[in-house]
Every structure is written in C-alpha cells, then in structure tokens.
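Hi,

Here is the structure I said I would pass on. Have a look at it first, and my notes follow below.

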Amino acid sequence: MIRRQTSAFTSFSLSILFLLFSLSLLPFKPSLLPSQPLTLSSSQPNSTLPQTPPPCNNYIVRFLQYKPAEEHRDYLESSVRSDGWEWIERKNPSSKYPTDFGLVSIQEIARESVIGEIRKLGLVKDVNVDLTYRRGLLGQKRKGKAGAGDRAGVGAFVDGNKRPGKIFTAMSFSEGNGGGEYYSAISNSSIRWGRHFLMQKSQVTSLFGAEVLWSKGYTGAKVKMAIFDTGIRANHPHFRNIKERTNWTNEDTLNDNLGHGTFVAGVIAGGDAECLGFAPDTEIYAFRVFTDAQVSYTSWFLDAFNYAMATNMDVLNLSIGGPDYLDLPFVEKVWEITANNIIMVSAIGNDGPLYGTLNNPADQSDVIGVGGIDYNDHIASFSSRGMSTWEIPHGYGRIKPDVVAYGREIMGSKISTGCKSLSGTSVASPVVAGVVCLLVSVIPESRQKDILNPASMKQALVEGAAKLSGPNMYEQGAGRVDLLESFEILKNYQPRASIFPGVLDYTDCPYSWPFCRQPLYAGAMPVIFNATILNGMGVIGYVESPPTWHPSNEEGNLLSIHFTYSEVIWPWTGYLALHMQIKEEGSQFFGEIDGNVTLQVYSPPALGENRPRISTCVLHLKLKVVPTPERSKRVLWDQFHSIKYPPGYIPRDSLDVRNDILDWHGDHLHTNFHIMFNMLRDAGYFVETLGSPLTCFDAHQYGTLLLVDLEDEYFEEEIEKLRDDVISTGLGLAVFAEWYNVETMVKMRFFDDNTRSWWTPVTGGANIPALNDLLAPFGIAFGDKILNGDFSIDGEQSRYASGTDIVRFPAGGFVHSFPFLDSSESGATQNVLLTSGMTKADSPILGLLGVGDGRVAVYGDSNCLDSSHMVTNCYWLLRKILDYTSRNIRDPVLFSDSVKRDTRLHVEDNQLPLRRTDVNFSTYSAVVGKELICRSDSRYEIWGTKGYNLQVRGRNRKLPGYPLIDLGRGLNSTVDSSNLRHPKLPVKNKGDSGKGYLDLIYGDEAEAPVTIASHWLVPAVVSVTGLLLFLSFWRIRQKRRRRRKGSGSGRFTNL
C-alpha cells in the first residue's frame, strides 16, 4: 500500500512538472524574420561575441503623387509609429524637383512592422527593395573553352554562384584582333567571327546613308539625348555638344573610367573622322548610373528617370537588360518615361542564338528594342531572339526585337581620345538611338512634340525597315533599320494608329515562322497571333469597338477568329491577339484564306483640336489550310504545367551549366524547344499547344500527349481524366522528366542581395512528385537520383545530363538501364566507393508500356530536347517514342526481349521523392490554390468551363504536401503544415549540437521557415496533454481521499 501511494504521489508530481514544462514552451515564439544561414562554430557556447549594429536594408517607398521629398519625409515621420527606420537623403540633381518615391533604411529586426505600417498609409503606392543592377559592360577575352551561356552569365552567375546585383545579361564586348569565339549550345561547336566579315572597316553611318541627311542640314541639332551608362569625361575631343553630366551613383566622380558610356556616346554623336556618330550636333546629357564596379541601384535609376522627365529629354538610350520583367518599380517607371514623350531605345540582349531570351526593358512594347546583325546582314549569333515570354502559358508572345542594326565590330570613341571597336546589342542600340536623334532633327522644332512620340517613331522605323531574307520575325523584327526610308515616312507623317506587324502571311517562309511551318486545320487548338497596336495619335487611346474579320472570298468564312485586346492603349501601345480556328465544315478544305482584320482606335483631341482623333488599323491575313490530319499525326504539347523564371527560382535542367542556372527561356515549342518543333514538323507530325489544364482537350483527336520538363502540380480531375484517356480512349502519353532531389535543391539556394532574401529552388528540373501522382494509375514512378553519363541505343550516341531514374514500372513493360554516376547529394558516397574499382549499377531511364487501349513512354531527361544547353539531341528517340505511342510501331531495339521485365520494378512509398514543404508553391503555381478552368487558349466551345465530360463544380486545389495559401499573403506567410509530408533532410554535420523540438520537425534544413503553425501547435498539444494528465491524477487523489474518510482511522495507522 505504501508503494502504491508513493507511486501515485510520484506520478502526481511528474504530472505537475510536465504541465509546468509544457506551459513554459507556449511563450516561445520564433522570429518572424526570413531564415538565415546556419553557421557552425567550434567556439564555446558562452563566448562573448562583439556587438554589431542591427543589419539594415534600403527600401523604395512609392507614393501616389509627386511632391518635394521633404513633404514625403514629413508624411512618413508623422504617420509611422514604429522605430527602426530612417529616411535617406538623396543628394543628386533631381533633388530640386518633385518626386514620387522615397528611400528609407529599415533595420532587419523591424522590417515586418515598419513595412506593414507604411503600406497601410493612404498616400503610399507600395514598398519595394532597392534592387541592385550589376552587369558586364565590357567583356573579357575568353581564356580556353567554356560552356554555353558563359557570356550570358557575366554579372549574374559564376561557377554556379550568384554575384552581387540584379540578374542581368552581358552587353557589349571586344572581339580582339584575332576574332571572337562564341559557343553554340545548339550545334555543340564554337562559332568564330572576326574581321573576315569586312575586309576593311566601314563607317557605320555611311552604311545607313547618314551623309544624305547631313547634306540637307540635319545633324541632330537641338535634340536632347540622355545616355544612361557609365558617364563621359569633360572636354572629350570627339564631342561638340556635351550639355550636362550628372552622377547618380555613390562615387564622387562624373568621369567614365570604364569606357562604355563614352563609346555609346561616340556611336550616337561622335565627331572623330575614324569613328563618326550619326548626329554630331545632338545635345549629350550623360547620366552616370553605373559605378566603376558596374553596379547600380533601382533608386538611382528612378531618380535619374525623374530628372530626365523634369528636364524634357527627347531620346534616351539604355544599353542594359535582364530577364526580370517583374521588377515593377523599374518597369512602371519606364512606362512613365515613354508616357512623358521620351523615346526610349534599348538593347534586346546578348543571349542568342537561344530563343525566348529577350531582355527587359527592350521587351516592353513602348520601348524600341534593338537586335544585332553583322555586316553581311546576318543575324548576329549573340543577338537575343523572341518571342516575349510575359504572356506564357495562357497566351502567346509578342514580336521582338522591333528592328535590328549593325552590332558587330562597330567603331566608337575611347575614354580619352582615339577609336576602338566593340560588338553586342548594346552597340546596335546606340546605332538606332543615333538614327532616332537624326530623324527627330528632321521635324521642325515647333512641331516635334505634336508629331514625334515613342509610337510614331517606332512606326517610322518598322515601316521603313528592310526585311532581311533568311531570319524569321522573332529574330529580326521588322528588319534592318533604313534611315532614308524612315526619313521619307516622317516627312509626311500624320498622327495615326497601326498594327505591327501589319501582315501575317503563311506563304512567307521563313519570315513568318513558326506560323508558316504548320497550316491551320479544323479541330485544332486555337492558333494565337499576338500583334502590337501602335498609337501615334496620343499617349492614351481606346478601341472603339471589337475588331472585325473581313474575308476576301467565300472560303474566308471557314475561319473563326476570337479577339482579345487592350481596350485602353497606354502608354502609346497595346496588344491585339487573334485566336484562330477553322470551323468544322472546313475539315476537308485545302487552300488559302485571305482577308483583313480591322480595328478602330480613337484618342482624345490634341491641344487646339475639338474632335477625337480616330484611326482604322488593318492587319492582313494570308493563311494556309489543310484537311484535318489523322489522329496518329497529331501531338499535343502541355504548356500549362510549365513554370519559369520570373517569378520563381526554377533551376536549369542541366546542373553542369554553372553560369546560367535559371530556367528563364519560356520552355515553349517556339522558344527553347523550337528545333524540336521543326524536327517534328519535318517528320510529318502536327504539334499543337495546350495552355490550359488537361481536362481542356479532347483525347479522341490526338495520338500523343507530350509532357516535357514540367514543374507544376496537377488537379485531381486532370489525373483521373488522363487515366481514362489512355486506358479507354487510346491516347498515347510521352513523358520527358528531369532531375529532382531535395537535398541538392537545398544546396542550390543563395542569398540574393537584390531582394535581400534567400532564394531556394521552387522545385527541381521537373516536379517529380507531381509527375509520380500523374503516372501512379499506370504503376510508374521516377526517383530522386541525378544521373550523368554517355550511352548508346542502336548506334545512337547520347548524353544523359542531370536526368532522373525510374523506380516503379509494371511487369511486362520494356525498361532500358545504363550504368551512370549519381551526382545527387545522397549519391556522393556511392560515387566515392565506385572510384575504388566497384562496378556502377545500372539505372533504369527509359520505359515503354501498353496500358489498356493506350501506350505510355517515360524518359528521365529532357535536356536532349531543349536547345538552351543541349549536349547531344535525342530527336531520334522522340521519333521512335511517338511512333509507338501514336501508331503502336515498335522499334525492334527498344522492344527487345532482353529489356522486357518479368517482374515489376518497385519501391515503397516512403522511398519516393517528397515534395518540399518549405516553399510557398502557390505563389508560382497555376494549380495549387487555383480554380480549374479552360482559358482562351483552348477550344472556343469550352472557354470558361471545366473541360470535357466534367460536371464537377469549380474549387480550389489542395494537394497533400502543399498548403492551401491565400495569395494575398507574402512569401513568409504562416501556413498550416501539420498535415504535410516532409522531405528527406541533409545528413547532420559533425559538431552539431543536440536538437530542440524545432529540429525534430526540420532536422538540419537551413531553409526551414520559422513562421509555420507547427511552432505553436507542438507546445500547445504538449501543454494540453500535461493538463489532462494533471486533472486525471487530481481526480484519482480526490476519490482516494473520500474513501479514506469513510473507512475509519485504522487505515491511517498503516501509514
């Protein structure tokens, strides 16, 4: 009895202690700051660290009105109650003018509260990080041979590590006396260029006939030219008219110590006989926005832009660019610049010959984007190609560049005296800027502001340009600038609106590529053509009524066009998208359809006018139509489930590419998969694009659904429909996956000093957990190895570049395996052992399977189809796969008995790759937290519905492994992760201390968010448990006391 009472007392005491411990956990609240890198140290835990001031970052506060900076400062200081911030005085030439933004320094510890308070203020538009721009203005001569993308990586990534500054691409570079060398990722060879393009150097001005206008007295006089670059030195002998030099950097100098700004100015307005500029009498305003280290900040640009508007610049040249078209303070300020009637010219980028590599701001429709050509009128291999990728996946990109100009071995001014040659689109850009200055001076000064604006100048340039034979519209735009033709257009110009391009001609190949490569036919997905509206009548315009299709003959009635367009055209430009389908009654028609699309635009009356300005725009169509192809020849490409940068950190598919780690080329049939598209057309396949969920296509119409390098999730309805499409409808399914390894993704994170945050990959090269869900009905799954190596099938040599492995496959299927090294974090130990002489194990990478009436083929690597950084292509394999999935033609090698599986390939669920739980995937996903709906890139009859044969009501998608997150919250929002699966975590390093309860949740994951619900949920559950134990023991004691009272004193004597 004594033992029982003692035990009860001990349990009671323990319950009290447990309760006290549990309650002590509740006050624990993790920091709301972004996660910081874990630093391991061998120093004593109690050692005293030196005190350092709290870290501060600069933020741009944009206001709704222009006011003196002092008023904005007083407003913030009187309205913001939180401490930990201060106003930064900006001492530069724009200080005397009203501004629409302020720069504040905010301590990191107070960031959330201060920014939250500022954003709630009525006169504040938004708050953004003061981004850093860093670029390679003058390229270095290469030493040795490097991989593709080297030049694109200058200033952004070096050997896989991000350099300080905003992500950008390289601009001009020197090719040297021996000629330059550029590595082509497409041909896997080096392309050499040099002086052999021109036996002797010509004046670039003479190639455009500038002497003709000089002889007429037009030399750019009284044109105010703003050059945003590295500055210029005073009293430079090459320039007649340097009006003003301003410095916007934190360096105390106005001089150009790099030479790029001087060179650009020389191309525009140089007066030296060896390197003449186009407009020698142009007034030069040199804006030094880059330091000697080639660094700039968004706030410097915003101040400089405001000053350019306040001082009424006419033309602005900006030879910078990068892939981030979502840097809103910068992008919107560019809109404001052009809205203030400043003609902006910008380089399209040096990321060619890859497609989908346009740089911002040149990819904006209100900016004149310039590409580069050589002296033989060939598109320079370095010149970036279109289309624009803003509109993907639901729409189709615009045509860019607008025009091209000579950009190879162009002569310009040196820093102090003399001339030199440079190449790049940032050289072609000042060529066009010089042409623009010359054209502005043609118009009498009294009429310049009435006639000249960003739209009218672009009209003159694109309508006067000479179309080159060979390049397509996404390589050359309207063609090579023609100064004299544009001069003739401007002489008689009357304000009007127009459409660029004005013609879509399916018979004009290759210029109209990709449209001319595949005719229209009934039953196809809509073909989208995205044209630009140029409104020379005013900064703002309106589309008066919906566009109209006017067929030239009766056959034209077989064409059905739906239009999406800008109802409000601002600034100066808008878009007109044609969604074209052939009606069902045209399923057997073969021939051409001709006609015009008309659109009426009006703008408010100009000063002194009483009536609105009205103009009718015309887009001429000449289309080829063929009978609907048989099902086996039709392939559907899934664009909907592709995610790109920006906005998400989507890593490059091949991890061997160290200097271009972002997947920013669009992953579209007509960007970095354009060579594959051409191959499929040559093989007789008709390839269509699906930009909506998989419920939005009729599987009876297609032989194969092609899924390549996809990063997004899938709706449950998509998974169910695809299973039925394959098994019951006979649809073929071909999947090309990519690497996915959580530990490797964690290692790939980096701190971005632009956004002052840690960047971690949203997913791997492909989203393997999502693909595994999609393939689960067929018994197929991919693993998390990262495999590399060479292999051969039927004499075809191929490179497996950062691909994944197959870990599940049914018996009876055909599986090809090869000995590869696993470069993932988990495979590193295995590879070390292999170097000691062990044999590499075969990894399954290719599987083919018949399922019901359909067929499935899976392959673990897509790099061999992607022209961005291709090592070797596998088009031969794709053709064999499509022969099987679409027509059940079995290649004897692929279907050899030696690779047929007698038993299934299988791993347990807990060995499959897991989703990351520490990223806010809904921010980038078109599925997670979104509604399933068919958009305007699907067949007209299902626009706005859930798709074919679906009667379910719309709802948001919530997946296991992802929270359903309100998109109104930020990236560091609190999310309920109590029901999430957690990824495998990195191995614990030696010297790690013991784990607290947070470590039990996250292990050693440095990316673990610190604001999730688990951080209060765990102590709460423990506390409630302790409370219940306490109440239980308390009730037991109370019962025993009542028993003792009723049993007499004899019981107490035993005690």
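This is a predicted model: local features need pLDDT of at least 70, side-chain atom pairs count only at pLDDT 80 or more; totals for chains, interfaces and linings use all residues.

Together with Leu-621, Met-676 has the most contacts inside the largest nonpolar core, which has 147 residues. Helix α10 supplies the largest share of this core, 11 residues. Another core, of 46 residues, lies apart from it and includes Leu-710, Leu-722, Tyr-740 and Leu-849. As general background, nonpolar side chains tend to be buried together in soluble globular proteins.

Next, the helix pair. The axes of α10 (residues 425–440) and α14 (residues 483–491) come within 10 Å and cross at roughly 35°, and the crossing is right-handed. On the α10 side the contact is made by Val-435, Leu-438 and Leu-439, and on the α14 side by Leu-483, Ser-486, Phe-487 and Leu-490. By type, that makes 6 nonpolar residues, 1 polar and no charged.

Then there's the sheet. It is open, has 7 strands with mixed pairing, and runs in the order β31-β30-β32-β33-β43-β42-β40. At the edges, pairing on one side only, are β31 (686–690) and β40 (814–819). On average, neighbouring strands are turned by 15° against each other, direction ignored. Within the sheet, β32 (residues 704–708) and β33 (residues 732–736) run parallel and are joined by 5 bridges, with Val-708 standing opposite Phe-736 of β33.

Two helices to look at here. α16 (residues 716–727) lies across β32, β33, β42 (842–851) and β43 (854–859), running at about 120° to β43. α20 (residues 875–887) packs on the sheet too, touching β30 (634–638), β32, β33, β42 and β43, and its direction makes about 160° with that of β43.

Is Ile-379 buried or exposed? Its relative accessibility is 13%, and buried means under 20%, so Ile-379 counts as buried. Setting aside neighbours within four places in sequence, Ile-379 is in contact with Gly-372, Ile-373, Arg-385, Val-404, Pro-471, Glu-475 and Gln-476. Of these, Pro-471 is 92 residues away along the chain, yet its C-alpha atom is separated from that of Ile-379 by 7.0 Å.

Cheers

Notes
Residues are numbered from 1 along each chain as its sequence is written. Side-chain values use heavy atoms; hydrogens and water are left out. Axes are lines fitted to C-alpha atoms, for helices over the stretch in contact, and angles run from 0 to 180 degrees between N-to-C directions. Helices (H or I, at least four residues) and strands (E, at least two) are DSSP runs, numbered from the N terminus. A crossing is left-handed if the near helix is turned anticlockwise from the far one by less than a right angle, and right-handed if clockwise. Contact means heavy atoms within 4.5 Å. Ala, Val, Leu, Ile, Met, Phe, Trp, Tyr, Cys and Pro count as nonpolar, Asp, Glu, Lys and Arg as charged, and the others, Gly among them, as polar. Two strands pair if DSSP finds at least two bridges between them. A nonpolar core is a set of buried Ala, Val, Leu, Ile, Met, Phe, Trp, Tyr and Cys residues joined through side-chain atoms within 4.5 Å. Buried means under 20% relative accessible area, exposed over 50%, partly exposed in between (1.4 Å probe, protein chains only).
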